[in-house]
Amino acid sequence: MHLQQKKIRIALTGGIGIGKTYISKHFLDMGIPVFYADEEAKKLYDSEKVLTFFKENFGDTVFSNQKLDFAKLATLVFGKQECRKQIEAFIHPLVMQQFEYWSTQQDSNIVMLESAIVFEASLEKFFDKIIVVDAPIEVRIQRIKNRNPHMSESEILRRINLQIPQEEKCKRADFVIDNSGF
């Protein structure tokens, strides 16, 4: 009988604009598969289960032309704490189910989840090690502006401030990667 070795699970996290995706590419280059939680969550937003959840809980306020409108959804998520918590309580377990399934499909003994909200969603218990990517606030703001030129600096700061402070994430990490120079 062949016993399957337990996979080492690593979370790669850090605030918005920190460069998690850039750093994750280095882990991919080393042969460590990476599960991108945001991308997987977006795929879930097309499922009947998720669409029904939004319809039942928010009516047509987050839909345009019968489709989930991510701009309207962002207004809820980043504007009303109680709505954000309700959505997160529904979506996070679904994303983690996807991660669990995806992990079993990987040949590697090490797997990585990339997500900005590992600590915010209390996902630490799912991982053997947590790596936090860090960069100065000015670098982060510039990165976010470059990728979202329509966002004002005040909107960027508001979104940054919705997450656990970067200093706290660094304190709670097993490892910290400085990504300020890229």
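Let's start with Ile177, which is partly exposed, with a relative accessible area of 23% (buried is under 20%, exposed is over 50% and partly exposed is in between, using a 1.4 Å probe and protein chains only). Keep in mind that this is a predicted model, where local features need pLDDT of at least 70, side-chain atom pairs count only at pLDDT 80 or more, and totals for chains, interfaces and linings use all residues. Residues are numbered from 1 along each chain as its sequence is written, and side-chain values use heavy atoms, leaving out hydrogens and water.

Ile177 sits in strand β7, residues 175-178 (helices, H or I with at least four residues, and strands, E with at least two, are DSSP runs numbered from the N terminus). Leaving aside residues up to four places away in sequence, Ile177 touches Ile23, Phe27, Ile131, Val132, Val133 and Asp134, contact being heavy atoms within 4.5 Å. The C-alpha atoms of Ile177 and Val132 are 6.3 Å apart, though 45 residues separate the two along the chain.

Now for the largest nonpolar core, which has 36 residues (such a core is a set of buried Ala, Val, Leu, Ile, Met, Phe, Trp, Tyr and Cys residues joined through side-chain atoms within 4.5 Å). Tyr45, Phe54 and Ile87 touch the most other members. Helix α5 gives the most to this core, with 9 residues. Phe54 touches Tyr45, Gly59, Val62, Phe63, Leu68, Leu73 and Ile87, again not counting residues up to four places away in sequence. Apart from this core lies another, of 12 residues, among them Ile10, Leu12, Ile23 and Ala135.
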